[in-house]
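Subject: Handover of a structure and the findings

Dear colleague,

Please find the structure below, together with its sequence.

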Amino acid sequence: LLAAFLESMEASMDMLSRDPVLLLAAFAERSATLKRRVNVIGREENFTGTAEAMDETGALLVRDESGSLRRVLSGDVSVRGLMGYI
């Protein structure tokens, strides 16, 4: 199990060094969050919106209920309680 994890990690690191955009695209394909409604629980505020994309730094871009696109750098992002997910 450890060997498989390390091989996968090494492949990801190689991809990151060659072309970071490819790694972000691979991550986005596997994301359980993108294109879904999410709760963002931050240190200073909480809000609900739709996770639309990730920017070139890996920050999550969430469109909040007022229509503003917000860049989430840290905090908890959850789909729990939304769209029937418990």
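Helices (H or I, at least four residues) and strands (E, at least two) are taken as DSSP runs and numbered from the N terminus. Under that convention, leucine 22 belongs to helix H2. The model is a predicted one, in which local features need pLDDT of at least 70 and side-chain atom pairs count only at pLDDT 80 or more, whereas totals for chains, interfaces and linings use all residues. Residues are numbered from 1 along each chain as its sequence is written, and side-chain values use heavy atoms, with hydrogens and water left out.

Helices and the surface patch

For single residues, buried means under 20% relative accessible area, exposed means over 50%, and partly exposed is in between (1.4 Å probe, protein chains only). Leucine 22 is partly exposed, because its relative accessible area is 48%.

Leucine 2 is located in helix H1, which covers residues 2–18. With a relative accessibility of 59%, leucine 2 is exposed. This residue is also part of a nonpolar surface patch, formed by Leu2, Phe5, Leu6, Met9, Met13 and Leu16, whose accessible area together is about 600 Å². Patches are built from residues with over 30% relative accessible area and no salt bridge, with like charges joined within 9 Å and nonpolar side chains (Val, Leu, Ile, Met, Phe, Trp, Tyr) within 5 Å. The areas come from the Shrake-Rupley method with a 1.4 Å probe, and for residues only the protein chains shown count as cover.

The loop between H2 and E1

Two residues of this loop deserve mention. Lysine 35, placed between helix H2 (20–30) and E1, has a positive phi of about 70° although it is not a glycine. Its relative accessible area of 65% makes lysine 35 exposed. Alanine 32 lies in the loop between H2 and E1 as well, and it is exposed at 52%.

Salt bridges

A salt bridge is counted where a side-chain nitrogen of Lys or Arg is within 4 Å of a carboxyl oxygen of Asp or Glu. By this rule there are five salt bridges.

Among them is the pair of glutamate 65 and arginine 37, with an N to O distance of 3.0 Å. Glutamate 65 is in the loop between strand E3 (60–64) and E4, and arginine 37 is in strand E1 (residues 37–41), so this contact ties together parts that are 28 residues apart in sequence. Glutamate 65 is exposed at 59% relative accessibility, and arginine 37 is partly exposed at 31%.

Another bridge joins arginine 63 and glutamate 52, whose closest N and O atoms are 2.8 Å apart. Arginine 63 lies in strand E3 and glutamate 52 in strand E2 (residues 46–54), so the pair ties together parts eleven residues apart in sequence. Both ends are partly exposed: arginine 63 has a relative accessible area of 31%, and glutamate 52 has 28%.

Arginine 70 and aspartate 64 also meet through their side chains, at 3.4 Å from N to O. Salt bridges that share partners join Glu45, Asp64 and Arg70 into one network. Within it, arginine 70 is partly exposed at 22%, while aspartate 64 is buried at 12%.

The largest pocket

Grid points are joined across faces, edges and corners, and the volume is the space filled by probe spheres set on the points. The largest pocket has a volume of about 150 Å³.

Its lining consists of Val40, Gly42, Arg43, Glu44, Glu45, Phe47, Arg70, Arg71, Val72, Leu73 and Ser74. By class, four of these are nonpolar, two polar and five charged, where Ala, Val, Leu, Ile, Met, Phe, Trp, Tyr, Cys and Pro count as nonpolar, Asp, Glu, Lys and Arg as charged, and the others, Gly among them, as polar. Strand E4 (residues 69–72) provides the largest share of the lining, three residues.

Valine 72 is placed in strand E4 and is buried at 10% relative accessibility. Its C-alpha is separated by 31 Å from that of alanine 4, 68 residues away along the chain.

With kind regards

Technical notes
1 Å grid on protein atoms, 1.4 Å probe; cavity = no way out; pocket = protein on both sides within 12 Å on 5 of 7 lines; lining within 4 Å.
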